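User: I would like to learn how to read the features of a protein model. Could you take me through one, feature by feature?

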Amino acid sequence: MTKMYLRIIALFFVVILASYLLFTSFNDITKDTPFTQQEISSRVELLYAGNVETIVHQNDAYIVSFLKNSVVYEVVVDRQSGAFSNLKLVFEQLDQTTQQPTTEKPVEKPPVTPIPVHLTAQQVQQIALKQLTGKVESIDYYDTADGGYYLVEVDGEDEEATLQIHSITGKVLSVTFDD
């Protein structure tokens with residue numbers, strides 16, 4: 001009878017140990033791991049076709065500076081999701097070579113594809129207040145294939161409206177007045 005109790009106790013501890021190991025390994029598999037600096041660097045170089053100069057870790061994001069066509073840009077990348085935001089031009093090197101007459105045919109440069117830069121919340125607010133005088137209640141961003149848009153709720157003097165503003169061009173796409 002004593003051997004039976006020892007076997008039950010041993011089996012109980014084996015089940016507890018196996019459960020603990022299973023739980024911890026499952027927890028490690030499902031845990032979100034932040035992007036490393038190397039992964040962020042690769043993603044920026046792939047997306048913008050530039051050379052990463054610096055990566056600075058700040059709070060829950062990386063601030064990445066990269067060089068493309070003699071222009072230095074800076075973009076903020078979220079560590080957890082890898083989402084890009086706040087792309088801005090930091091420095092543009094002007095070509096200061098003197099023009100001397102040559103017999104060589106000038107080399108044609110391929111056209112540069114501009115990198116879309118999203119408007120800031122302050123710029124969107126200014127655009128909305130040009131359309132309707134009042135107070136901006138909220139600004140929400142929605143990502144789309146053509147660059148995204150902002151929905152801006154404005155509480156005007158006599159009426160309330162929701163404006164849809166393109167996030168890159170600043171064009172007012174629609175104005176919906178609330179009843």
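Predicted model: local features only at pLDDT ≥ 70, side-chain atom pairs only at ≥ 80, totals over all residues.

User: What does the secondary structure of the chain come to, and what pattern does the chain follow along the sequence?

Analyst: There are three helices and eight strands. Read along the sequence, their order is α-α-β-β-β-β-α-β-β-β-β.

User: How many of the residues of the chain count as buried?

Analyst: Burial is judged by relative accessible area, with under 20% as the cut-off. Of the chain's 179 residues, 21% count as buried. The accessible surface of the chain is about 14000 Å², and carbon and sulfur atoms account for 55% of that surface.

User: Which share of the contacts in the chain joins residues at least 24 apart?

Analyst: The count takes contacts between residues at least 6 apart in sequence, and 27% of these join residues at least 24 apart.

User: How is a pair of aromatic rings described?

Analyst: By the distance of the centres and the angle of the planes. The whole structure holds six aromatic pairs. One of them is Tyr48 with Phe66, a stacked pair with 4.9 Å centre to centre and 15° between the planes. The planes count as stacked because they are under 30 degrees apart.

User: Which parts does that pair tie together?

Analyst: Tyr48 belongs to helix H2 (residues 37-48) and Phe66 to strand S2 (residues 61-68), so the pair links parts 18 residues apart in sequence.

User: Are Tyr48 and Phe66 buried or exposed?

Analyst: Tyr48 counts as buried because its relative accessibility is 11%. Phe66 is buried as well, with a relative accessible area of 0%. A further stacked pair is Tyr142 with Tyr149, at 5.4 Å centre to centre and 25° between the planes. Tyr142 has 37% relative accessibility, so this residue counts as partly exposed.

User: Which residues form one aromatic cluster?

Analyst: The cluster consists of Tyr48, Phe66, Tyr73 and Phe84.

User: Which residue lies over the face of Phe35?

Analyst: Arg43 does, at 5.1 Å from the ring centre.

User: Which residues form a nonpolar patch on the surface?

Analyst: Met4, Tyr5, Ile8, Ile9, Phe12, Phe13 and Ile16 form one, and together they have about 760 Å² of accessible area. Take Ile16 as the example: this residue is found in helix H1 (residues 2-30). Ile16 is partly exposed because its relative accessible area is 44%.

User: Where is Ser41 found, and which residues is Ser41 in contact with?

Analyst: A contact list is read by setting aside neighbours within four places in sequence. Ser41 is found in helix H2. With those neighbours left out, Ser41 is in contact with Val52 and Ile55. Ser41 counts as buried because its relative accessibility is 12%.

User: Where is Glu153 found, and is Glu153 buried or partly exposed?

Analyst: Glu153 is found in strand S6 (residues 149-156). Its relative accessible area is 40%, so Glu153 is partly exposed.

User: What separates the C-alpha atoms of Glu153 and Leu163, and which residues is Glu153 in contact with?

Analyst: Glu153 and Leu163 are ten residues apart along the chain, and their C-alpha atoms are separated by 6.5 Å. Leaving aside neighbours within four places in sequence, Glu153 is in contact with Lys135, Val136, Glu137, Ser138, Ala161 and Thr162.

Conventions. Residues numbered from 1 in each chain as written. Heavy atoms only, no water. Helix = DSSP H or I, 4+ residues; strand = E, 2+ residues; numbered from the N terminus. Buried < 20%, exposed > 50% of the residue type's maximum accessible area, 1.4 Å probe, protein only. Contact = heavy atoms within 4.5 Å. Areas by Shrake-Rupley, 256 points an atom, 1.4 Å probe, with all protein chains shown as cover. Phe/Tyr/Trp six-rings, centres within 6.5 Å; stacked < 30°, edge-to-face > 60°. Lys NZ or Arg CZ within 6 Å of the ring centre and 35° of its normal. Patch = residues over 30% accessible without salt bridge, like charges linked within 9 Å, V, L, I, M, F, W, Y side chains within 5 Å. Salt bridge = Lys/Arg side-chain N within 4 Å of Asp/Glu carboxyl O.
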